Amino acid sequence: MARVVVTHQIPQAALALLRAAHDVDSWEGQDAPSREVVLRRVSGADAVVTMVTDRVDQEFLGAAGSQLRAVCNVAVGYDNIDVAACRERGVVATNTPGVLTEATADTAFALVLMATRRLGEAERVVRSGKPWTWGMSVLLGMGLQGRTIGIVGPGQIGIATARRAKAFGMEVVYAGRSPMAAQAQAQLAAARVDLPELLATADVVSLHCPLIPAGAPDSTYHLIDAEALSAMRDTAYLINTARGPVVDEAALVEALRTGQIAGAGLDVFEEEPRVHPGLLELDNVVLLPHVGSATVQTREGMATLAARNALAVLAGEGALTLVG
Ligand code: DGY
């Protein structure tokens with residue numbers, strides 16, 4: 001039996017899979033464990049099931065020890081993992097693509113609707129208890145029919161978001177390192193453009209690219225910076241369900257404050273769980289606490305896939321969804 005450490009709480013179905021084959025150290029606390037506790041617990045592990053909030057770096061890998069064989073992230077994004085360090089130490093790193101596509105696209109499109117129709121602001125009006133009444137010009141937003149959504153990163157989640165946009169009568173353009181899958185591109189009648197053109201023409205810019213650190217080839221760190229924001233229409237909206245550091249948050253605060261863009265919807269932040277204080281003061285931005293994939297079914301699917309990855313590696317088989 002191998003020793004598997006699960007750093008945070010995960011659904012019972014995934015734990016049961018692991019427990020059927022291995023000695024499992026699970027985390028039953030309601031609160032997230034501190035870094036110190038995680039580093040102590042991973043010592044001697046053969047496989048670790050990690051979350052996006054775990055930084056899997058040299059310190060983590062060193063604390064685990066040289067017997068470690070797998071780091072199985074319960075997330076599609078893996079910018080929290082130093083993949084090169086894992087490779088150097090012969091540790092397999094895995095993620096959970098596919099199972100969270102629809103849930104995350106639902107959240108992205110919910111943000112599109114919330115931002116363009118000012119629904120967060122509208123809800124705050126009702127909750128404030130102040131008098132309100134129906135009015136011709138009260139809380140007017142932007143209709144989506146005939147508008148253009150610009151998908152940055154045409155992977156599975158980008159495509160699923162574009163499908164929702166299409167159903168709302170939007171045109172689809174996209175930018176990315178690779179072309180969109182041919183069938184989806186045809187179904188969506190999606191036009192591939194470069195990022196400057198997308199920024200200049202889209203009414204809604206929705207980010208779905210991975211976070212690639214500054215300095216690395218094809219880096220996406222601060223892809224949306226002051227210059228990119230100034231290239232957007234002053235009637236346009238920015239939606240981010242990818243990773244916080246893809247957007248320069250300070251520049252975004254400025255663009256929202258000065259009306260350089262009309263609004264934004266964010267599920268991710270540069271230094272989670274910290275949110276730039278400037279964003280908290282603004283009405284034209286919707287703020288969610290990284291809940292893109294937060295449905296019961298999706299979280300069970302993610303944790304189960306991570307568990308199956310750990311089982312496969314420990315059994316000497318190839319990982320189902322290898323990263324890097
Ligand atoms: C992911 O899967 O990368 C999400 O951000 C975590 O829900």
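Helices here are DSSP runs of H or I with at least four residues, strands are E runs of at least two, and both are numbered from the N terminus. The model is predicted, so local features need pLDDT of at least 70 and side-chain atom pairs count only at pLDDT 80 or more, while totals for chains, interfaces and linings use all residues. Residues are numbered from 1 along each chain as its sequence is written, and side-chain values use heavy atoms, with hydrogens and water left out.

**View 1. The residues around the ligand.** Look for A75, V76, G77, L100, R243, H290, S293, R299 and M302 around the ligand (near means a heavy atom within 4 Å). Sorted by class, that shell has 4 nonpolar, 3 polar and 2 charged residues (Ala, Val, Leu, Ile, Met, Phe, Trp, Tyr, Cys and Pro count as nonpolar, Asp, Glu, Lys and Arg as charged, the others, Gly among them, as polar).

View 2. Zoom in on R243, where an N or O atom of the side chain sits 2.7 Å from an oxygen atom of the ligand. With G77 it's a polar backbone atom, 2.9 Å from an oxygen atom of the ligand. On its own the ligand would expose 230 Å², and the protein buries 90% of that (Shrake-Rupley areas, 1.4 Å probe; for residues, only the protein chains shown count as cover).

View 3. R243 sits in the loop between β10 (237–240) and α11 (249–257). Its relative accessible area is 14%, so R243 is buried (buried is under 20%, exposed over 50%, partly exposed in between; 1.4 Å probe, protein chains only). Beyond residues up to four places away in sequence, R243 touches V52, G77, D79, L211, V268 and H290 (contact means heavy atoms within 4.5 Å). With D79 there is a side-chain to side-chain polar contact of 2.8 Å (N or O atoms within 3.5 Å; within protein, one must be able to donate a hydrogen and the other to accept it, and residues adjacent in sequence count only if both atoms are side-chain atoms). R243 and T53 are 190 residues apart along the chain, and their C-alpha atoms are separated by 12 Å.

**View 4. N73, buried in a strand.** N73 belongs to strand β4 (residues 70–73). With a relative accessibility of 0%, N73 counts as buried. Leaving out neighbours within four places in sequence, its contacts are T50, M51, V52, Y78, N80, I81, T94, N95, T96 and A306.

**View 5. The aromatic pair.** The structure holds 1 aromatic pair. F109 and F168 make up this tilted pair, at 4.8 Å centre to centre and 45° between the planes (Phe, Tyr and Trp rings, six-membered for Trp, pair with centres within 6.5 Å; planes under 30 degrees apart are stacked, over 60 edge-to-face, the rest tilted). The partners come from distant parts of the chain, 59 residues apart: F109 from helix α5 (residues 101–116), F168 from the loop between α7 (156–167) and β7 (171–175). F109 is buried at 4% relative accessible area, whereas F168 is partly exposed at 39%.

View 6. The peptide bond from E272 to P273 is cis, with omega near 5°, and P273 falls in the loop between β11 (263–266) and α12 (277–280). L139 isn't a glycine, yet has a positive phi of about 50°; look for L139 in the loop between α6 (119–127) and β6 (148–152), partly exposed at 26%. A189, another non-glycine with positive phi, has a value near 50°. A189 lies in the loop between α8 (182–188) and β8 (191–192) and is exposed at 52%.
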